[in-house]
Amino acid sequence: MTRLLVLNGNTTQAVTDRIAEAARSAAPEGMTVDAMTAPYGLPLIVTRADWLLSGPPILEALAAKRGTYDAAVIAVFGDPALDAAKLLLDVPVIGISEAAFHAASMLGRRFGIVSFTAALRPMFEDCLDHHGLRGRCAGFRMGPVDASYPAQLGAAETAELLALIDQSIAQDGAEAVILAGGPLAGLAAVLQPSVGVPLVDGTVAAVRLAAALAGMPRPARPHRARPLTGYGTEVASLYGA
């Protein structure tokens, strides 16, 4: 039995529930999914500052559960703390951005990225550059910078997303479209019948990649114990302190 931890990096339980439902529906037979909410932080991550501040609680949560999972998913688009987690943990850790980018690049020559808020675009661009996939991105279709993810995805919000998706396809030439953001988990399957190209859900892509990577050989990364000052015991334990 493969044990997967899916971590919502914000503190909104309703978002965790949405992510958990999408993750469990995507999990293959033989995988259990434990969904967790960040122990502290922001209700939603919608700015670069939010993204930077979300790293420590994500690492704390991953460290607190260490030994109870065979792979982990950081369900925050932009993948905060992902590189640190990959270096400090002894199991595969996957971000929903990296999973979505790689999956979309296999589904189409160029992919578009759709989100409710343009405030997160710099982090998305950083992630694309980090994974060497900026050239595969057809462009961004996003709401205004001061927008946020809605608490409920009703008819108006769904129509807004479909309009952005249509623009990505018709005007940018996207052959696959990523719905960017943990709060949008599960929505790709709902909207897919109305869209003529593949829609990519980062949570779904990450869960399926985690299932493939769990148990595979890991790079040897020996750690020298180092003292940390001011961090909690969970993060300090990652350094052998």
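Predicted model: local features only at pLDDT ≥ 70, side-chain atom pairs only at ≥ 80, totals over all residues.

Trainee: Which residues of H7 are buried?

Mentor: Leu-161, Leu-164, Ile-165 and Ser-168. Seen down the axis of H7, the buried residues fall within an arc of 100 degrees, so they line one face of the helix.

Trainee: Why would residues three or four places apart point the same way?

Mentor: Because an α-helix has 3.6 residues a turn.

Trainee: Got it. And what's on the other side of H7?

Mentor: Ala-155, Ala-156 and Ala-170 are exposed there.

Trainee: What covers the buried residues of H7, then?

Mentor: The cover includes strands E5 (111-115), E6 (137-142), E7 (176-179) and E8 (199-201), along with helix H8 (187-191).

Trainee: Which of its residues are buried, and what covers them?

Mentor: In H1, the buried ones are Val-15, Thr-16, Arg-18, Ile-19, Ala-20, Ala-22, Ala-23 and Ala-26. Their cover includes strand E1 (2-8), strand E2 (31-37), E8 and H9.

Trainee: Since E1 came up, is Asn-8 buried or exposed?

Mentor: Asn-8, which lies in strand E1, is buried, with a relative accessible area of 2%. Not counting residues up to four places away in sequence, Asn-8 touches Val-15, Thr-16, Ile-19, Met-36, Thr-37, Ala-38 and Ala-75. Val-15, Thr-16 and Ile-19 are among the buried residues of H1.

Trainee: Switching topic: how many salt bridges are there in the whole structure?

Mentor: A search finds eight. One of them joins the side chains of Glu-98 and Lys-86, at 3.1 Å from N to O. Glu-98 is in helix H5 (residues 96-107) and Lys-86 in helix H4 (residues 82-88), so this pair ties together parts that are 12 residues apart in sequence.

Trainee: What does Asp-172 pair with?

Mentor: Asp-172 forms a salt bridge with Arg-141, and the closest N and O atoms are 3.0 Å apart. The pair links distant parts of the chain, with Asp-172 in the loop between H7 and E7 and Arg-141 in strand E6, 31 residues apart. Both Asp-172 and Arg-141 are buried.

Trainee: And what about Arg-134?

Mentor: Arg-134 forms a salt bridge with Asp-129, with 2.8 Å between the closest N and O atoms. Arg-134 is partly exposed, with a relative accessible area of 37%, and Asp-129 also counts as partly exposed, at 43%.

Trainee: Now the outside. Which residues form a nonpolar patch on the surface?

Mentor: Leu-209, Leu-213 and Met-216, with about 240 Å² of accessible area together. Met-216 lies in the loop between helix H9 (202-213) and helix H10 (233-238), and Met-216 is partly exposed with a relative accessible area of 46%.

Trainee: Where does Gly-215 sit?

Mentor: Gly-215 is in the loop between H9 and H10, and is exposed, with a relative accessible area of 78%. From Gly-215 to Pro-57 is 26 Å, C-alpha to C-alpha, and the two are 158 residues apart in sequence.

Trainee: What about the phi of Ala-81?

Mentor: The phi of Ala-81 is near 65 degrees, a positive value in a residue other than glycine. Ala-81 lies in the loop between E3 and H4 and counts as buried, at 18% relative accessibility.

Definitions and conventions:
Residues numbered from 1 in each chain as written. Heavy atoms only, no water. Buried < 20%, exposed > 50% of the residue type's maximum accessible area, 1.4 Å probe, protein only. Helix = DSSP H or I, 4+ residues; strand = E, 2+ residues; numbered from the N terminus. Arc of directions from axis to C-beta. Contact = heavy atoms within 4.5 Å. Patch = residues over 30% accessible without salt bridge, like charges linked within 9 Å, V, L, I, M, F, W, Y side chains within 5 Å. Areas by Shrake-Rupley, 256 points an atom, 1.4 Å probe, with all protein chains shown as cover. Salt bridge = Lys/Arg side-chain N within 4 Å of Asp/Glu carboxyl O.
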